[in-house]
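Please look at the structure first, and then read on.

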Amino acid sequence: MSKVLIIGSGLGGLSCGVILAKNGYDVTVLEQATQVGGCLQCFTRRGARFETGMHFIGSAAEGQTLNRLMQYLGLNDDITLSQLDPQGYEVVALDGHTFRFATGREAFIETLAADFPHQRDNLVRYYDLIERVAGASSLHSLKYAESDTAVNTEYQLRSINEVIDEVITDPLLAKVLVGNLPLYAAERDKTPFSTHAFIMDFYNQSAFRIVGGSSVIADSLVKTIERHGGRVLARQGVAKIVCDEQKALGVITKDETFYEADYIISDAHPKRTLEMIDSKLIRPAFRNRINTMAQTVGGFAVYLDFKEGALPYMNHNFYGFETSTPWDCEHYDEASWPKGYLYMHFCQEPKPRYATTGVILSYMQMSEMEPWLGTHVGHRGSDYEAFKQRKAERLLDVLERRFPGLRASIKHYYTSTPLTYLDYTGTEAGSMYGIAKDIHLGSACRVPHRTRIPNVLQTGQNINSHGMLGVLVGTIVTCSEFLTAERIYQQIKAS
Ligand SMILES: Cc1cc2nc3c(=O)[nH]c(=O)nc-3n(C[C@H](O)[C@H](O)[C@H](O)COP(=O)(O)OP(=O)(O)OC[C@H]3O[C@@H](n4cnc5c(N)ncnc54)[C@H](O)[C@@H]3O)c2cc1C
């Protein structure tokens, strides 16, 4: 039985673990943190539970792409989903008005056409394009060997704003359509339209919160790996991938344990992975390319613990903008922060009446963390605590203006910064979604799942794309090296 060692227990690492363990490989997952899951982790303070990364998923209704993948991974039996309001799962506040994204093609078009009647035909063209681009990728639509490379290439090389401005002639509607861009940290003139199309298609089909929090996904995947004879070990940070002249032999953990392996898959950020490898097989030019890649922006989060029965549960996500556009919120100074934010409630039961916990999330650049670089959780000093409190109060003031009385319903709040993510997941520069896509760089901003070391592979959000579906598509790509894509598709179909 071939031994596969997986570095990192994020969604990418665990889902590779499930597929390979189910197919007869001897899987061991090594996780540096105390808790498994990476961005699937939840934490509990004074009995209140908070998600740190994945907050909601799409395309999870019966027969839809993610639902089929979750079935294949054994997730459907273990997790309960709570559907966000189909009449407006996203609410975007812009220019003094609120706009809703409704679930499904007709509802999406009709809801926005009610606000922009003169753009109805353009909304149809926009939706056609979203479906065409998302459907052009065989992996995203799970239609084996039916990808349309011409469409894929075109929309990877054209920016979101360029394409939307071509289709939508009302400037406000063009901005509303990117109202949920904090979900993919898009940058004007830079992020490919395909990234926007995948996210919109994914969530417009159906949108759900995960009852009990995203950690239930990690727990379920661990259970399946173990059921197939594998193991997932926490507090086992990998320090080094040991190689001879031709291939990798295994890894050494930070506590100097050696794990032998026939294959190694790294779910860590590619820069972290290269730090573990000291082999001539990795060319300096490749190392340099990975090390200098731009990252998506980091995030500052305020986790809210609400008083019991004080606040009705909000069954949608709310995107607020303090400027007249969702674009450019990553460029701010002390006075202009926060330019935008995402506010949502967490879901602890299928149909909650009242909010128990929630989060406000806004962009934060790693450059703001300069004074505390090199420090670790719990030991960053009182000036860091004061910084976080000042930022949290600023965000709460902004939210209070939008939702008067909100402050009075908060029992406690907690915060995290890009440094928190760097510590907990190793993501470069505390970035939320990993390496940034850039139309000007084309394939140069893409990370291959193969490395020059034949038995070392990569997986996770930097291989294909971030998010539940983006990462699982990367997982299929990585696992195809062991099983062939065709076989994986057959297994998905059979499940
Ligand atoms: C704030 C935020 C909100 C998000 N919201 C959503 C959402 O609503 N919906 C959605 O679909 N997606 C969302 N995402 C994105 C999604 O959570 C991620 O794309 C996905 O979970 C990433 O999984 P991963 O396996 O690639 O990486 P990670 O989750 O980062 O996992 C990498 C793992 O590798 C481990 N590791 C690193 N180095 C080592 C080492 N040397 N030894 C051992 N282990 C190591 C880390 O500790 C970590 O556990 C969000 C992300 C963030 C940050």
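Predicted model: local features only at pLDDT ≥ 70, side-chain atom pairs only at ≥ 80, totals over all residues.

Q: What makes Arg46 exposed?
A: Arg46 has 8 C-beta neighbours inside 10 Å, and so it counts as exposed. Arg46 lies in the loop between β3 (42-45) and β4 (48-51). Its phi is positive, about 45 degrees, although Arg46 is not a glycine.

Q: Why is the chain called as compact as a globular protein of its length?
A: The radius of gyration is taken over C-alpha atoms, and the globule rule is 2.2 Å times the number of residues to the power 0.38. There are 16 helices and 20 strands in the chain. The rule gives 23 Å for 495 residues and the radius of gyration is 22 Å, close to that value, so the chain is as compact as a globular protein of that length. Along the principal axes, the C-alpha atoms fill a box of roughly 65 × 55 × 45 Å. Buried residues make up 51% of the 495 residues.

Q: What share of the contacts in the chain joins residues 24 or more positions apart?
A: Two residues are in contact if their C-beta atoms, placed from the backbone, lie within 7 Å. Among contacts with a separation of 6 or more, 70% are between residues 24 or more positions apart.

Q: How do you know that the ligand lies between two domains?
A: Domain bounds come from an automatic or database domain assignment. Domain 1 (3-40 + 52-80 + 212-293 + 440-494) and domain 3 (297-432) both give residues to the shell around the ligand, so the ligand lies between them. The assignment also gives domain 2 (104-204).

Q: How many residues surround the ligand, and of which classes are they?
A: A residue is near a molecule if its C-beta atom, placed from the backbone, lies within 6 Å of it. There are 37 residues around the ligand, the closest being Gly8, Gly10, Gly12, Gly38 and Gly460. Ala, Val, Leu, Ile, Met, Phe, Trp, Tyr, Cys and Pro count as nonpolar, Asp, Glu, Lys and Arg as charged, and the others, Gly among them, as polar. The shell accordingly has 16 nonpolar, 18 polar and 3 charged residues. At least two residues of the shell come from each of α1 (11-22), β5 (56-58) and α15 (467-483).

Q: What makes helix α2 mostly covered?
A: In α2 (residues 65-72), 6 of the 8 residues are buried. They are Thr65, Leu66, Asn67, Leu69, Met70 and Tyr72. Their cover includes β5, α5 (138-141), α15 and α16 (485-494). Gly74, with a positive phi near 80 degrees, follows α2.

Q: Why is strand β2 called largely enclosed?
A: In β2 (residues 26-30), 4 of the 5 residues are buried, so the strand is largely enclosed by the rest of the structure. Two strands pair if DSSP finds at least two bridges between them. Strand β1 (residues 3-7) is joined to β2 by 5 bridges, and the two run parallel. Val4 stands opposite Val27 in β2.

Q: Which strands pair with β17?
A: Strand β16 (residues 317-321) pairs with β17 in the antiparallel sense over 4 bridges, and strand β18 (residues 357-364) also pairs with β17 in the antiparallel sense over 4 bridges. Within these pairs, Leu342 in β17 is the bridge partner of Tyr319, and His345 stands opposite Gly358 in β18.

Definitions and conventions
Residues numbered from 1 in each chain as written. Buried ≥ 20, exposed ≤ 12 C-beta atoms within 10 Å, placed from the backbone.
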